[in-house]
Amino acid sequence: PYVFGKLNDLFLLHAGYGQQKLIFDKSEKSGVEVRYQWSLGPSIAMLKPIYLDILYPLSPGDPFTLTTRTERYDPSRHFENNIYGSSRFGTGLDEVSVQVGFYAKGGLIFEWGAFTEEVRVLEAGLSVDCFPQRLPVMTATPNPQFFFSFYLGFQLGKRW
């Protein structure tokens with residue numbers, strides 16, 4: 001699918017340093033262990049341009065027989081009435097641009113369970129990515145320098 005007005009797909013890659021600290025320990029048989037965690041480091045934004053399949057008449061005298069051409073999205077030439085759909089994901093991978101920023105992440109980790117060999121963990125927190133320039137993602141809205149994300153993770157498993 002395509003989103004009208006979207007200029008680039010944004011992919012973020014984080015590498016960083018962080019720590020976890022224990023707040024409440026769980027008892028031997030049951031209980032809840034609570035920890036907080038934080039991490040920070042560089043954030044790498046990869047922007048892949050959007051390519052669309054655009055409708056064109058096959059011949060100037062016959063507006064009802066159409067063909068499609070793959071073109072990079074240009075808001076001054078491509079409108080809702082001539083966009084057929086999104087192109088293949090791989091189109092435009094050779095034009096990916098990279099911008100480096102900074103990220104910070106913090107959250108709470110809740111681990112519970114009656115047995116020490118079982119793992120049941122819930123993690124929730126907030127992450128923020130900051131870039132020196134605005135990242136061109138959409139045409140109609142002001143593109144941000146700061147990206148806020150709420151995350152929620154759940155783990156089930158066994159200790160070895």
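Me: What radius of gyration does the protein chain have, against the value for a compact globule of 160 residues?
Reply: The protein chain has 23 Å, whereas a compact globule of 160 residues would have a radius of gyration near 15 Å; the radius is taken over C-alpha atoms, and the globule rule is 2.2 Å times the number of residues to the power 0.38. Along the principal axes, the C-alpha atoms fill a box of roughly 80 × 35 × 25 Å. This is a predicted model, in which local features need pLDDT of at least 70 and side-chain atom pairs count only at pLDDT 80 or more, while totals for chains, interfaces and linings use all residues. Residues are numbered from 1 along each chain as its sequence is written, and side-chain values use heavy atoms, with hydrogens and water left out.

Me: Why is Gln 99 called buried?
Reply: Gln 99 has 19% relative accessibility and therefore counts as buried, since buried means under 20% relative accessible area, exposed over 50% and partly exposed in between (1.4 Å probe, protein chains only). Of the 160 residues of the protein chain, 31% count as buried.

Me: Which residues does Gln 99 touch, not counting those up to four places away in sequence?
Reply: Gln 99, which lies in strand β7 (residues 97–112), touches Ser 43, Ile 44, Ala 45, Leu 47, Phe 131, Gln 133 and Leu 135, where contact means heavy atoms within 4.5 Å.

Me: How many helices and strands does the protein chain have?
Reply: The protein chain has zero helices and nine strands, with helices (H or I, at least four residues) and strands (E, at least two) taken as DSSP runs, numbered from the N terminus.
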